[in-house]
Amino acid sequence: MQTQVGIIGGGPSGLCLARLLSLAGVRSVILERHDRAHVEARIRAGVLEQGMIELMRKAQVGARMDREGLLHDGIVLTFDDRVERIDLPGHTGGQRVMVYGQTELTRDLYDAVLQDANVSVVFEAQGVRPLGFLDGEPRLDYVSDGKPQTLACDFIAGCDGYHGASRAAVPRGLITEYERVYPFGWLGLLADTPPVHEELIYSNHSRGFALCSMRSHTRSRYYVQVGQGEKVEDWSDERFWDEIRRRLPERFARNMVTGPSIEKSIAPLRSFVAEPLRFGKLFLVGDAGHIVPPTGAKGLNLAASDMHYLSTALIALYREGRGDLLERYSQTALRRIWAAVRFSWWFTSLTHKFNDDAIERKIQLAEFDYLTGSAAGRTTIAENYVGLPFDASFG
Ligand code: FAD
Ligand code: PHB
């Protein structure tokens, strides 16, 4: 088999990249390790920034998102019983975010990609190995239906997430990895109950962080910070509901509607960046190249700028023979990535319990007071939360 762009991974990054390329006439093949149902079922991102929203529209997959997504004008920050709302458009010249689940977005992308003549998807592709990307003859070896296969391509896009094969194939001497693993995780619960509040609540409580999010007016997504060794089996629904109520100010806790969980899982928290993001004809995109703790709702939104820059650069090459944008992909993408890594790390530090040290909590409270008491502080939170702009000079 032969194609122009070989894409490893059929998550949001791989799918959206394939669509953007296809609409400019560039062909691709996606090799995905799992089946469609498995990829669509992963409950992950919930909040989209303007950049990701616009990319979905550009990929011509935004119709359902525009109908069903919930636009949010603010977030609520709480500290024990203190409650402060951050007005997003008021501090950012009108920008908002949209609640639209990654499960829905992935479904919309698959519906389009599987009808797209310029894109083929191989599900359950096993043992994918990127080869020849440094010496100019890239190919992907893999096993499908028990048979070895080779996909020859001009370029490889590694869109296979943090545990994928693309970054792992880079010779160690060519890559630098920056990593911090946080000493806690998030236990998430999804339930068909009305959300406790119409906006997201990020809560710093002496028992630990909690987040109240949603997928719709009838479906809630909640998280509590848990210790590193915690197991999901030890958290009955009742224990979860009791804990999250204790971590919220009374006026929210008393409105909490509980119900049976549809999904419950623990996610570790990590900051990670690989540098560079280009190795000859292999490019890392999305979680394959970087991870942020989910506190700032940035992971998928960062993948969006990677997809935008890489699709723009590849299209410039195929259409106009221009290679300069491919040369600039890594450094341009990394600038926005580090800005989001910083915000996600900082917002995590402001809202989570790191230890029992009383002075740390007092300092967190002083920072909370300072930020929410100052227009500059509120602007800092709002402009980072709605997302920093893509580099407009790239193109
Ligand atoms: P992935 O979604 O990881 O997709 C990679 C794909 O590659 C998968 O389908 C996988 O099966 C496939 N794959 C892996 N290895 C191989 C291989 N060897 N061969 C072939 N295929 C392979 N982000 C936000 O922007 N907003 C949020 O509100 C938000 N909330 C989050 C909440 C939680 C609890 C978590 C865990 C994450 C959250 N994120 C959020 C982050 C977001 O989910 C990720 O950044 C996003 O999934 C990245 O997409 P991706 O396509 O790059 O990688
Ligand atoms: C979610 O709804 O899953 C979600 C929302 C905001 C975050 C992280 C996750 O910061």
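Helix H7 (residues 237-246) lies across strands S13 (176-191), S14, S15, S16 (220-227) and S17 (261-275), at about 85° to S16. Contact means heavy atoms within 4.5 Å. Axes are lines fitted to C-alpha atoms, for helices over the stretch in contact, with angles from 0 to 180 degrees between N-to-C directions. This is a predicted model, where local features need pLDDT of at least 70, side-chain atom pairs count only at pLDDT 80 or more, and totals for chains, interfaces and linings use all residues. Residues are numbered from 1 along each chain as its sequence is written, and side-chain values use heavy atoms, without hydrogens and water.

**Helices and sheet**
- Helix H10 (residues 324-351) lies across S5 (74-79), S13, S14, S15, S17 and S20, at about 125° to S17.
- An open sheet of eight strands runs S6-S5-S14-S15-S16-S13-S17-S20, with mixed pairing; two strands pair if DSSP finds at least two bridges between them.
- S6 (82-87) and S20 (290-291) are the edges, each with a single partner strand, so one side of each lacks a neighbour in the sheet.
- S14 (residues 200-205) and S15 (residues 208-214) run antiparallel, joined by five bridges.
- Histidine 205 has glycine 208 in S15 as its bridge partner.

**Whole chain**
- The chain has twelve helices and 20 strands, which are DSSP runs (helices H or I, at least four residues; strands E, at least two) numbered from the N terminus.
- Of its 395 residues, 56% count as buried, meaning under 20% relative accessible area (1.4 Å probe, protein chains only).
- Among contacts between residues at least 6 apart in sequence, 73% join residues at least 24 apart.
- The C-alpha trace spans about 60 × 45 × 45 Å along its principal axes.

Terms used
Chains are lettered from A and ligands numbered from 1 in the order in which they are written. Buried means under 20% relative accessible area, exposed over 50%, partly exposed in between (1.4 Å probe, protein chains only).
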